[in-house]
Amino acid sequence: MGFFKATSIFLTCCLSVILWSLGAAQADSEKWLESKGQHFIIYFYPQTDTSRIDFILSQADNYYQQIAIQIGYSRYQNFWSWDNRVKIYIYPDSTTFVKKTGQPEWSKGGAVAYHPNLKSKVIISYDQQDDFIYNVLPHEIGHLTLKDFVREEPLPLWVEEGVAQFLERDKVKYVHAYMKKRIQENDFVAFKRLNRYDIRQEMDPEKVQLYYAQSLSLIDFLIKNYGSLRFGRMCRRVRDGTAFDQAFLQVYKPEITSFSALEKKWLRYVNGQ
Ligand SMILES: [Zn+2]
């Protein structure tokens with residue numbers, strides 16, 4: 001069975017490019033048990049504790065409701081019901097996950113906006129890691145929700161990664177303190193290149209960390225100061241075909257009339273935290 005090279009159907013996620021064998025889920029079907037919730041179906045190995053699966057299902061539902069509210073998409077609350085339920089494949093441990101999915105060893109999981117063989121949205125990850133329930137799961141659900149909202153229209157990577165990190169445990173709480181220090185050293189991504197900066201080409205882990213932090217800090221700034229509905233309006237314009245830069249400035253005026261104005265306001269916000 002050949003590995004499927006990631007293309008546009010795959011979401012970028014934490015720099016991991018998902019190379020998940022299209023045949024993997026079927027080939028392993030005898031191993032998977034399933035548990036169905038209203039918006040998610042979880043596939044897991046028989047040795048998994050089922051009370052944990054129940055907990056994962058309820059957490060996934062919480063994240064789904066919360067992120068939709070935060071990004072102004074909540075009136076479509078049942079967008080993942082029945083046939084549109086998201087399939088979550090949980091491997092028992094990192095070794096099995098790497099072996100079965102072809103993911104690099106450092107990968108913690110990923111999301112696929114549409115998996116042609118499984119005919120659905122898919123999240124893959126593994127249990128036995130502290131990060132799974134509180135970081136990987138909300139992160140991937142964040143990606144899929146935003147993708148559902150804007151569909152095929154492109155958003156800058158900082159918007160995608162900022163939204164994806166929004167519900168990760170304690171991240172928002174610490175991100176501004178981190179950014180404040182970096183800003184004092186004049187070390188942040190300049191806004192004139194931010195929208196077109198492709199962090200996936202970056203090899204320096206410090207720069208990657210900074211980029212992720214700045215992305216989350218910006219999304220938090222926008223949602224806390226101007227609200228979820230406004231953010232949702234911006235996404236809807238993008239979904240309807242307006243380019244991001246234009247949609248953003250149309251929706252955030254008169255408070256924000258340019259990306260350098262955004263930079264100034266955001267710097268003030270972070271410094272005031
Ligand atoms: Zn991501």
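Biologist: In which helix does R230 lie?
Modeller: This is a predicted model. In it, R230 lies in helix α9, which spans residues 228-239.

Biologist: Is R230 buried or exposed?
Modeller: R230 counts as buried, because its relative accessibility is 12% and the cut-off for buried is under 20%.

Biologist: Which residues does R230 touch, leaving out those up to four places away in sequence?
Modeller: R230 touches V251, Y252, K253, P254 and E255.

Biologist: You mentioned K253 and P254. Is the peptide bond between them cis or trans?
Modeller: The bond from K253 to P254 is cis, and its omega is near 5°.

Biologist: And where is P254 placed?
Modeller: P254 is in the loop between α10 (244-252) and α11.

Biologist: Let us turn to the metal. Which residues coordinate the zinc ion?
Modeller: The zinc ion is coordinated by H139 and H143, each through NE2, and by E161 through OE, at 2.1 to 2.2 Å. Along the chain, these donors follow the spacing H-x3-H-x17-E.

Biologist: How far apart are H139 and H143 in helical turns?
Modeller: H139 and H143 are separated by about one helical turn, because they are four residues apart in helix α4 (residues 131-150).

Biologist: Are those two histidines, H139 and H143, buried or exposed?
Modeller: H139 counts as buried at 2% relative accessibility. H143 is buried as well, with a relative accessible area of 3%.

Biologist: At what angle do α4 and α5 cross?
Modeller: Their axes cross at roughly 130° and come within 7 Å. Helix α4 is therefore oblique to α5. The crossing of α4 past α5 is right-handed.

Biologist: Which residues meet there, between α4 and α5?
Modeller: From α4, the residues are P138, H139, G142, H143 and L146; from α5, they are V159, E160, E161, V163, A164 and Q165. By class, this contact has five nonpolar, four polar and two charged residues. The zinc donors H139, H143 and E161 are among the residues that meet in this contact.

Biologist: Which helix packs with α6?
Modeller: Helix α6 (residues 171-184) packs with helix α11 (residues 259-271) at an angle of about 115°, and their axes are 9 Å apart. The two helices are therefore roughly perpendicular to each other. Helix α6 passes α11 in a left-handed crossing.

Biologist: What makes the contact between α6 and α11?
Modeller: Helix α6 contributes H176, M179, K180 and I183, while α11 contributes W266, L267, Y269, V270 and N271. These residues divide into six nonpolar, two polar and one charged.

Biologist: One last topic, the backbone. What is the phi of K119?
Modeller: K119 has a positive phi of about 50°, although K119 is not a glycine. K119 is in the loop between β4 (109-115) and β5 (120-126). With a relative accessible area of 57%, K119 is exposed.

Biologist: And what is the phi of R151?
Modeller: R151, which is not a glycine, has a positive phi of about 55°. R151 is found in the loop between α4 and α5 (157-165).

Methods: Residues numbered from 1 in each chain as written. Predicted model: local features only at pLDDT ≥ 70, side-chain atom pairs only at ≥ 80, totals over all residues. Heavy atoms only, no water. Axes fitted to C-alpha atoms, helices over the stretch in contact; angles between N-to-C directions. Parallel < 35°, antiparallel > 145°, perpendicular 65-115°, else oblique. Left-handed = near helix turned anticlockwise from the far one by under 90°. Contact = heavy atoms within 4.5 Å. Nonpolar A, V, L, I, M, F, W, Y, C, P; charged D, E, K, R; others polar. Donors = N, O, S within 2.8 Å, 3.2 Å for Na, K, Ca; no water. Buried < 20%, exposed > 50% of the residue type's maximum accessible area, 1.4 Å probe, protein only.
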